[in-house]
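Q: Before we look at single features, could you take me through this structure one residue or element at a time, giving the general idea wherever there is one?

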Amino acid sequence: MLSADLIAQRQAEIAQSPDLARLLDQLTRRAQPIITDPPPVPLRKALLSRDGGVCPHDGATLTFNPQSPNRHRCPTCGESFSGDRHDRHWAKSQHLWLAERAAHLATVGTLGSERQAIDAARTIVLAYPEPYFELPNQDNVLGPSHLFFSTYLESIWILNYLAAAFTLREADALDERDLDRISALVDEAGNLIGEFNEGMSNRQTWNAAALTAIAVWFEDEALAQTAIEGRTGLLGHLTDGFGADGLWFEGENYHLFAMQGLLTGLGWARLAGVDYPADPELSQLLGNALLGPTRSALPDGTFPARKDARFGLSLAHPAYLECWETGYAWLPEYRDQLGAWLSFLYQLPPPEVPARSYDAYLHEAGETAPSRHTRADLSWWALATMDPEPSPAPDSGWHAPSIFFPSQGLAVLRHEERYVSLDTTSTAGGHGHEDRLHLTVHAHGVHWLADPGAGSYVTRDLFWYRSARAHNVPTIDGVSPDGTGQPEAFAAKSEGQGWIRSRSGPITRTLVTGPTWLVDIVEVAAGTEGGHLETNWHLAGQMNTDAISGWTAAELTSEFETDLAVASHSGGVTLGAEVDGRRLTLHLVDA
């Protein structure tokens, strides 16, 4: 969203910046198919269901195609499916995608003086006022909504919708009747969003951002003050949602979703004359929050898939790159650190797991995504906010320190290409798993001991992802001990030496590291009730179990376990695992 003054300023910056000029050219090219072949506007409300948008044969998520409202292709088996539930699942993404494309077209049109793009943006914006009221505010899951099934989706939608409408208004591309129709829709959306406050939540950051945008549209100072400065407004989420260590209380996955919403809201707040990044205390909070996930990231630039995070997702996803690009532009005192991090991300090899589309970022839907992103591959938001000059590549590169995150109970020991972490608590604002004392090991490019993260919230395998046995944790009779983990010691020394010690109930786990080795000591307090102490290791690669003989079939205890076998062995056992010629050796000793 650009005011008239910002449009003129940004046009001058684009004329002097090769990076911004390339991005404008790329966005202009991407806008052409939308201009020449306008996509359909769904005249239906989105629906959340277990089977909508899912292949009935293999469970894969059907590919979202903005030009195909009635035929939806499975990327795995290649078959296409139709039906009301699939169509209403498609409608969710289409509503969000159209609003995002309207903002894209309006930004390209005004900054590039492209009349066709401005007209296409106006067409999308004016296609919604009447249908919006006709779609019923019912069949909802999380709060009221006309277009969707949850309020936060309505908030994401209205933010892009208003970004387009505001920019068009500032460019004098809307007449009084247009503005009246848009204002009626925006007023109704504001009432819906305002009546559903989710408290301290990643979703509420988007609600607060949406209310801030609505306040700017109507020049409503009272609403702006509440949405920006209220306990569950932008400022409240910045000060209370992120711990002193910089991590969002619900974990890394929701950290970046909340950060994206917060930055979007702060962009609107700046249009209201409230520039939080210019405040030293608040800029420190924001800078610390931007750096939080960079400090817990795995060496390959992916998430540590803790809690409800998805597995194997690259932090070089363009939605995340834009968050750090915005921080780089807004926070001069954090440029060295954010610049080093961005340089690291842009140089990463293509991720093994394909980039996902997110509700809040559908910029690449329907496009062939590049294997590796550059600044010229980002969205309209980057064109409006990104610093004209790229971050310089530092001589020393990006190096994250060993660190303990008190708010998360997460301890990380790093040495060269090795990453060892211990999760000491399962609390995560409702997104925690039975992962107390979970051990993660990533070394020499291999994720040897991983957290499985989480899959879909509407399928049964979520119960596996959240269970103790899915994690590298010690259990008693298969059950993680009750109680919040309590870290007792953490130290990182030179040459890869360090230690972590934490207790959860009667179990204590101590990790001691050296240059090439890791000692893992699991202890149980004397007198502990129960039988079996089990320590679960989910090793990557091909395991060699020849050192253990006498395997026999065992009774299955979970619907998610198959081919379970058990063997008894006294004394020490050595096991090996291998991935692409790299080997990990595990020595098990019962003391």
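A: Let us begin with E322, which lies in helix α13, and keep in mind throughout that the model is predicted.

Q: Is E322 buried or exposed?
A: E322 is buried, because its relative accessible area is 4% and buried means under 20%.

Q: Which residues does E322 touch, leaving aside those up to four places away in sequence?
A: With those neighbours not counted, E322 touches Y361, L378, S379, W381 and A382. For a separation in sequence and in space, take E322 and S283, which are 39 residues apart in sequence, while their C-alpha atoms are 18 Å apart.

Q: How is a pair of aromatic rings described, and how many aromatic pairs are there here?
A: A pair of aromatic rings is described by two quantities, the distance of the centres and the angle of the planes. In this model the count comes to 17 aromatic pairs. One of them is formed by Y128 and Y161, whose ring centres are 6.4 Å apart and whose planes stand at 85°, so the pair is edge-to-face.

Q: Which parts of the chain does the pair of Y128 and Y161 tie together?
A: Y128 lies in the loop between α4 (115-126) and α5 (129-134), whereas Y161 lies in helix α6 (residues 151-170), so the pair ties together parts that are 33 residues apart in sequence. Y128 counts as buried at 1% relative accessibility, and Y161 also counts as buried, at 1%.

Q: What angle do the ring planes of F303 and Y320 make?
A: The planes of F303 and Y320 are at 65° and the ring centres are 5.8 Å apart, so this pair is edge-to-face. Because F303 lies in the loop between α12 (280-296) and α13 (318-330) and Y320 lies in helix α13, the pair ties together parts that are 17 residues apart in sequence. F303 is buried, with a relative accessible area of 2%, and Y320 counts as buried at 5% relative accessibility.

Q: Which residues form an aromatic cluster with Y128 and Y161?
A: One aromatic cluster is formed by Y128, Y132, F133, W157 and Y161.

Q: Where do the charged ends of R169 and R335 sit?
A: The charged end of R169 sits over the ring of W217, at 4.0 Å from the ring centre, and that of R335 sits over the ring of Y328, at 4.6 Å from its centre.

Q: What should I look for in a nonpolar core, and which residues touch the most other members of the largest one?
A: In soluble globular proteins, nonpolar side chains tend to be buried together. Here the largest nonpolar core has 126 residues, and W157, I158 and W324 touch the most other members. The largest share of this core, 13 residues, comes from α6. Residues up to four places away in sequence not being counted, W324 touches L256, L290, P293, T294, L315, L338, W341, L342 and L345. A second, separate core of 20 residues includes L413, V446, L511 and I548.

Q: How do strands pair in a sheet, and in what order do the strands of the open sheet with β14 come?
A: Strands of a sheet pair through backbone hydrogen bonds, either parallel or antiparallel. In this open sheet, 3 strands come in the order β14-β17-β18, with antiparallel pairing. Its edge strands, each pairing on one side only, are β14 (542-544) and β18 (582-588). Neighbouring strands of this sheet are turned by 20° against each other on average, direction ignored. Strand β17 (residues 573-579) is joined to β18 by 7 bridges, and L575 stands opposite L586 in β18.

Q: How many residues of strand β6 are buried, and which residues are on each of its faces?
A: Strand β6 (residues 438-443) is mostly covered, with 6 of its 6 residues buried. Both faces are covered, as H438, T440 and H442 on one side and L439, V441 and A443 on the other are all buried.

Q: Which strands are joined to β6 by bridges?
A: Strand β5 (residues 418-423) runs antiparallel to β6 and is joined to it by 6 bridges, with D423 standing opposite H438. Strand β7 (residues 446-449) is likewise antiparallel to β6, and 2 bridges join the two; here V441 stands opposite L449. The hairpin of β6 and β7 has 2 residues between the strands, and in it H444 takes a positive phi near 55°.

Notes:
Residues numbered from 1 in each chain as written. Predicted model: local features only at pLDDT ≥ 70, side-chain atom pairs only at ≥ 80, totals over all residues. Heavy atoms only, no water. Phe/Tyr/Trp six-rings, centres within 6.5 Å; stacked < 30°, edge-to-face > 60°. Helix = DSSP H or I, 4+ residues; strand = E, 2+ residues; numbered from the N terminus. Buried < 20%, exposed > 50% of the residue type's maximum accessible area, 1.4 Å probe, protein only. Lys NZ or Arg CZ within 6 Å of the ring centre and 35° of its normal. Pairing = 2+ DSSP bridges. Axes fitted to C-alpha atoms, helices over the stretch in contact; angles between N-to-C directions. Contact = heavy atoms within 4.5 Å. Core = buried A, V, L, I, M, F, W, Y, C linked by side-chain atoms within 4.5 Å.
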